[in-house]
Amino acid sequence: MLFSKKKRKGQPLPAKRREDMPNVKEGLTFKQWKAKHAPNHKWRNKRWAVLLTLNTLFWASFAFDISVLEGSLSGSRFFGIYLMDLFNSLQQVLIRVRTGNFGMLTTNFFIGIGVIATFYFLAGGRTFCSWICPYHFLAENAEKLHNWLVKKKKIKEHSYAIGVKYVAFAMFLVLAFVTKQLVFEDMNPVGIISRSIIYGPSVLLLWVLGLLLFEIFHTKRFWCRYVCPMGVTYSAIGKFSPTAIKFDLDKCGHCRDCQDVCLVPHELWFVKRGEATKEVHFAGADCTRCGLCVDTCYGDALTITVKGIDSLL
Amino acid sequence: MAKKEKEKEISRRQFLRFSVATAIGVGAVGAGVTYLSTKDTTNGENMLRPPGAIANDDFMYACIKCGLCVQICPIDAVKLADLTQGLSYGTPYLDVREQACDFSCGAMQCVETCPTAALDFIQFKEEGEKAITKYEKEHPNDHDFNIIAVQLPAMHEYTKMGTAVLNTDTCLAANGKGFKGSPRDANFKGVYASPADVKNGLSPYPVNEHEFDRSICDICVTDCPIGEKAIIVENKIPKVLEGCTGCGVCTMICPTEGPSITMKKA
């Protein structure tokens, strides 16, 4: 979606009446209802555990010379199976088509792309971001600090059009094609952090620090929301994934606390009273499947589901 | 209660403005980064690319900086460059004075592991196959020869990381001097497997445990993994030949302060 004005399919359903609100159905006031179903951190804890474990595994595989997860986030080998980062590979293929060296690429390269593409299609959306990306881990916590500063009125909020990330994506591809360099990889905070964890700190961590400070004091999630082409690639792969965040209009109290915690709030547009066009919605391609909204939701209106087999689960 | 994300209505004009800003921003930063990353500010001495590295222009995009070559090297000869090394960030290099490549891993493991053929294994594979065909032709009656023993030396000899250059001003042999003891200081961490050392076979051990006693120093010649195709003694001084692969063992074990034999990038 290029403009923040959503091209929503169909007319919105009529806004929910008072007697249909989940708290009224339970015979509680809204406050009591929220207090009864207090948020937890179930998914966040799982997610952080996965993220930290994987990045530790990368480090441990090199530090202790164990063949578990070798390499770094731009390309690695998991128990001997190659894994390739998709945006990096896209640039690689593009440059090689230009230079005529496409045939040199190894079978392992294509196996790596295949495995990663399949995995992220099944996982859906920008799962990579919130479950694996080490920069995300820092930025997610920086975002909390940013939100706190905004709340305390120390800084002002800045936001741009979400769609500029597609412009950045295209520009990085053009740059790669023109310069015959993996330009993005030289400034990619994901790769820089990953390599710094595994092979020792790089001076480029200063650039990452600068980005984080900018995100804390100026624009919330600047890199992830408006620049990162890795995220764009993964969201394209995971757009039609069976795994998704499911929204059940019937159970929703329209408190919109989920949008407050959501890392990509534009994907939860349907939680606003009178916006939903269907009884059931699924969060879009930018959704990172982080589960923060699921942890927060008082009425269990938001759940992580696998389409097709959700009735079996 | 925290403020709700304000849904800003962004006009086509505003979006265009953001897009142009992004395009210019990415373009400018990208161009700067490209300039910085392609600049090689090393003098090319003793800082080499790993075996099988393709031509530098191609290497710069082919290398995705994953570090698999670094991980697989059993003697930690391959390292990843930071910006401070004067090489493109994240690309692999060998500082052969600190740790040379002694080919002791056998079959060019760093090359074989590279998923994007920045270190291109195909050329080595072909070279190995050529050697086998040649051996079979020359020895028609030898049916169960050791394929690996035929293949590997050919692959090693095919390597071209750089070329050794001898400085006759400081070279001990050129000055008629001998050498006794271990070539590097006690804290030196480098290892290598000496081809002359039958006792230790081909497993590398610390430079400090290699002891020499020569009336005229020739340790770079005797301990060269490639042998007489790469370096010989001529008129009592070492002479580097065409076959030098740039592995850097001679540079690493040169006993003079500041090596008398250095590696020039291929």
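Mentor: Buried area is the accessible area, taken with a 1.4 Å probe, that two parts lose on being put together, summed over both. Please keep in mind throughout that this is a predicted model.

Trainee: With that definition, how much area do chain B and chain A bury between them?
Mentor: About 4,800 Å² is lost between chain B and chain A, and 61% of that area lies on carbon and sulfur atoms. On the side of chain B, the three residues that supply more than any other three are B:Tyr61, B:Gln71 and B:Tyr89, which together give 17% of the area that chain B buries against chain A.

Trainee: How many residues does the contact take from each chain?
Mentor: Contact asks for heavy atoms within 4.5 Å, and on that basis 51 residues of chain B and 64 residues of chain A take part.

Trainee: Why is chain A called as compact as a globular protein of its length?
Mentor: Chain A comes to 15 helices and six strands. The globule rule gives 20 Å for 313 residues and the radius of gyration of chain A is 21 Å, which is close to that value, so chain A is as compact as a globular protein of that length. Along the principal axes, its C-alpha atoms fill a box of roughly 65 × 45 × 40 Å, and buried residues make up 54% of the chain.

Trainee: What does the corresponding comparison with a compact globule give for chain B?
Mentor: For chain B, a compact globule of 266 residues would have a radius of gyration near 18 Å, whereas the chain has 24 Å. The C-alpha box of chain B is roughly 85 × 50 × 40 Å along the principal axes, its secondary structure comes to eight helices and eleven strands, and 49% of its residues count as buried.

Trainee: What makes up the charge of chain A, and where do the centres of the two sets lie?
Mentor: Chain A carries 41 positive and 23 negative side chains, with the centres of the two sets 4 Å apart. For chain B, the mean positions of its 28 positive and 34 negative charges are 11 Å apart.

Trainee: Why is A:Asn23 called buried?
Mentor: The cut-off for buried is a relative accessible area under 20%, and A:Asn23 has 6%, so the residue counts as buried. A:Asn23 is found in helix α1 of chain A, residues 22-25, and, leaving aside neighbours within four places in sequence, it is in contact with A:Leu28, A:Thr29, A:Phe30 and A:Trp33.

Trainee: Is A:Met21 buried or exposed?
Mentor: A:Met21, in the segment before α1, has a relative accessible area of 14% and is therefore buried. Not counting residues up to four places away in sequence, A:Met21 touches A:Lys16, A:Phe30, A:Cys252, A:Gly253 and A:His254.

Trainee: What makes helix α13 of chain A mostly covered?
Mentor: Seven of the nine residues of α13, residues 229-237, are buried, among them A:Met230, A:Val232 and A:Tyr234. In the loop between α13 and β4, A:Gly238 counts as buried at 1% relative accessibility, and A:Gly238 touches A:Tyr120, A:Phe121, A:Gly124, A:Gly125 and A:Arg289, with residues up to four places away in sequence not counted.

Trainee: Why is A:Lys153 called exposed?
Mentor: Exposed requires over 50%, and A:Lys153 has a relative accessible area of 73%, so the word applies. A:Lys153 is found in the loop between α7 and α8 of chain A, and has a positive phi of about 60 degrees although it is not a glycine.

Trainee: And is B:Ala117 buried or exposed?
Mentor: B:Ala117 has 1% relative accessibility and therefore counts as buried. B:Ala117 is found in the loop between α4 and α5 of chain B, with a positive phi of about 55 degrees although it is not a glycine.

Note on methods. Residues are numbered from 1 along each chain as its sequence is written. Chains are lettered from A and ligands numbered from 1 in the order in which they are written. This is a predicted model: local features need pLDDT of at least 70, side-chain atom pairs count only at pLDDT 80 or more; totals for chains, interfaces and linings use all residues. Side-chain values use heavy atoms; hydrogens and water are left out. Helices (H or I, at least four residues) and strands (E, at least two) are DSSP runs, numbered from the N terminus. The radius of gyration is taken over C-alpha atoms; the globule rule is 2.2 Å times the number of residues to the power 0.38. Buried means under 20% relative accessible area, exposed over 50%, partly exposed in between (1.4 Å probe, protein chains only). Lys and Arg count as positive and Asp and Glu as negative; His and the chain ends are not counted. The place of a charge is taken as NZ of Lys, CZ of Arg, CG of Asp or CD of Glu.
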